[in-house]
Amino acid sequence: MKSTQTSGSEGARIVGGEDNTSGPGPEVMAADTLQGDKVMNRRGDDLGTIEDIMIDVQRGRVAYAVMSCGGFLGLGDKLFAIPWSALTLDANRHCFVLDADKERFQKAPGFDKDHWPSMADNSWATQVHDFYGIRPYWSDTTRLM
């Protein structure tokens, strides 16, 4: 099984997908192909689905995956901004894996679809990264030239 490991500030890890010889994935993918993918924890518990991919435009990086969970047919869903580097893309199962127990995840900072946080606010963003135990991506000042 192919595994691409990255440090906490670079991006999502990728496992599987070595048999994909056509198309751009899994290293480079259109964001909309990831929308609707399940998010599971390591024990196989279903945590939710990817609703959006948030781009930090100024830094040119994926900042967060917005995951939806709970509710029914989109009603009553709670949204969570998960730091991109906290996720592992399982290319064979077409899902993301988040290292979080379901019980702990229920305490994660979340929001609803009508009241999004200011994701550019460093205080909010630091709190989210701290919750997931991930170094904030903006603290890595190295850039590819």
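**Questions on a predicted model**

Of the protein's 145 residues, 42% count as buried. The model is predicted.

User: In what order do the helices and strands of the protein run from the N terminus on?

Analyst: Start with the totals. The secondary structure comes to 2 helices and 8 strands. Reading from the N terminus, the order is β-β-β-β-β-β-β-β-α-α.

User: Which element gives the most residues to the largest nonpolar core?

Analyst: This core has 36 residues, and Tyr64, Ile82, Leu87, Leu98, Phe105 and Tyr132 touch the most other members. The elements that give two or more residues to this core are E4, E5, E6 (78–83), E7 (87–90), E8 (95–98) and H2. With 6 residues, the top contributor is strand E5.

User: Is lysine 78 buried, partly exposed or exposed?

Analyst: Lysine 78 sits in strand E6. Its relative accessible area is 35%. Buried means under 20% and exposed means over 50%, so lysine 78 is partly exposed.

User: How far apart in space are lysine 78 and glycine 110, C-alpha to C-alpha?

Analyst: Lysine 78 touches Met67, Ser68, Cys69, Ala108, Gly110 and Phe111, not counting residues up to four places away in sequence. Lysine 78 and glycine 110 are 32 residues apart in sequence. From C-alpha to C-alpha, their distance in space is 6.5 Å.

User: Which element gives the most residues to the lining of the second largest pocket?

Analyst: The pocket has a volume of about 230 Å³. Of its 13 lining residues, the closest to the centre are Asp56, Arg59, Met119, Ala120 and Tyr137. Strands E4 (46–56) and E5 (61–69) and helix H2 (122–132) each supply at least two lining residues. With 3 residues, the leading element is E4.

User: How many residues of the lining of the second largest pocket are nonpolar?

Analyst: Sort the lining by residue class. There are 2 polar and 2 charged residues. The count of nonpolar residues is 9.

Notes: Residues numbered from 1 in each chain as written. Predicted model: local features only at pLDDT ≥ 70, side-chain atom pairs only at ≥ 80, totals over all residues. Heavy atoms only, no water. 1 Å grid on protein atoms, 1.4 Å probe; cavity = no way out; pocket = protein on both sides within 12 Å on 5 of 7 lines; lining within 4 Å. Points joined across faces, edges and corners; volume = space filled by probe spheres on them. Helix = DSSP H or I, 4+ residues; strand = E, 2+ residues; numbered from the N terminus. Nonpolar A, V, L, I, M, F, W, Y, C, P; charged D, E, K, R; others polar. Core = buried A, V, L, I, M, F, W, Y, C linked by side-chain atoms within 4.5 Å. Buried < 20%, exposed > 50% of the residue type's maximum accessible area, 1.4 Å probe, protein only. Contact = heavy atoms within 4.5 Å.
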